[in-house]
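I opened this notebook to record what I looked up in a single structure. The entries follow the order in which I asked my questions.

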Amino acid sequence: MSNTLRASRTASSWISTPLSRCSFPSCPLSDNGGGGGGGGSPDIAVVAEKGQVACRDYPHSRHLCLKFPFETTPHESYCELCYCYVCDSSAPCGLWKLSHCHAAAHISDWKCKRMMKQQATVKK
Ligand SMILES: [Zn+2]
Ligand SMILES: [Zn+2]
C-alpha cells in the first residue's frame with residue numbers, strides 16, 4: 001500500500017508544495033526510510049495561541065486583562081477578575097490608581113517592586 005503512495009511522490013507536482021511534505025509525521029510524502037511506521041495521531045493542531053485566552057475566565061494581572069487591553073484602555077480600568085500585579089490582591093488595591101494599575105510583568109521595574117513587596121510580606 002505504501003509503495004503506491006511513495007510512487008506517487010515522484011510526480012513532479014509535490015515539488016510545488018514542499019511545505020506540505022512535513023506537515024504530518026504520518027504523511028506518506030515525509031518518508032524517512034521507514035515504511036509507514038509513522039504511527040500516531042496527527043494532533044499537531046495549533047495549540048492555544050499564547051495561553052492568553054485562559055485569562056478571560058480566570059483571575060489575571062491587570063496587564064493581561066482582555067476586557068480592558070492594557071495597551072488601549074486606561075490602566076486604572078479593571079474587570080472583576082483583575083488583580084494587582086504588585087499586591088497579588090484583587091483590583092483595585094489601596095494604591096491602584098496611584099501607581100499599581102500601571103504595573104506589568106514586562107516592565108522590569110515592577111518586577112523589582114513586586115519582589116520587594118513579597119519579601120516584605122513574608123516577614124513572619
Ligand atoms: Zn481583567
Ligand atoms: Zn497593588
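The entries below go from the whole chain to single residues.

**Entry 1: Confidence.** I noted at the outset that this is a predicted model. I looked up the mean pLDDT of the chain and found 71, with 53% of the residues scoring at least 70.

**Entry 2: Overall layout.** I asked how many helices and strands the chain has. I found 2 helices and 2 strands, and along the sequence they follow the pattern α-β-β-α. Of the 124 residues in the chain, 13% are buried. I also looked at contacts between residues at least 6 apart in sequence, and 27% of these join residues at least 24 apart.

**Entry 3: The nonpolar core.** I asked which residues form the largest nonpolar core. This core has 12 residues, among them Leu64, Tyr78, Val86, Trp96 and Trp110. Its members also include the cysteines Cys65, Cys82, Cys84 and Cys101. I recorded the general rule that nonpolar side chains tend to be buried together in soluble globular proteins.

**Entry 4: Helix α2.** I checked the length of helix α2 (residues 108–121). At 1.5 Å a residue, its 14 residues should span 20 Å, and its end C-alpha atoms are 20 Å apart, so the two values agree. I found this helix hardly covered, with a count of 1 buried residue among the 14.

**Entry 5: Tryptophan 110.** I set aside the neighbours of tryptophan 110 within four places in sequence and listed its contacts: Tyr85, Val86, Ala103 and Ala104. I noted that Tyr85, Val86 and Ala103 are also listed in the largest nonpolar core.

**Entry 6: Tyrosine 83.** I located tyrosine 83 in strand β2 (residues 82–83). Is tyrosine 83 buried or partly exposed? It is partly exposed, because 19 other C-beta atoms lie within 10 Å, while a buried residue needs 20 or more. Not counting residues up to four places away in sequence, tyrosine 83 touches Pro59, Ser61, Asp88, Ser89, Ser90 and Ala91. Finally, I noted that the C-alpha atoms of tyrosine 83 and leucine 64 are separated by 9.9 Å, with the two residues 19 apart along the chain.

How values were computed
Residues numbered from 1 in each chain as written. Chains lettered and ligands numbered in written order. Predicted model: local features only at pLDDT ≥ 70, side-chain atom pairs only at ≥ 80, totals over all residues. Core = buried A, V, L, I, M, F, W, Y, C linked by C-beta atoms within 7 Å. Contact = placed C-beta atoms within 7 Å. Helix = DSSP H or I, 4+ residues; strand = E, 2+ residues; numbered from the N terminus. Expected span 1.5 Å × (residues − 1). pLDDT = per-residue confidence, 0-100.
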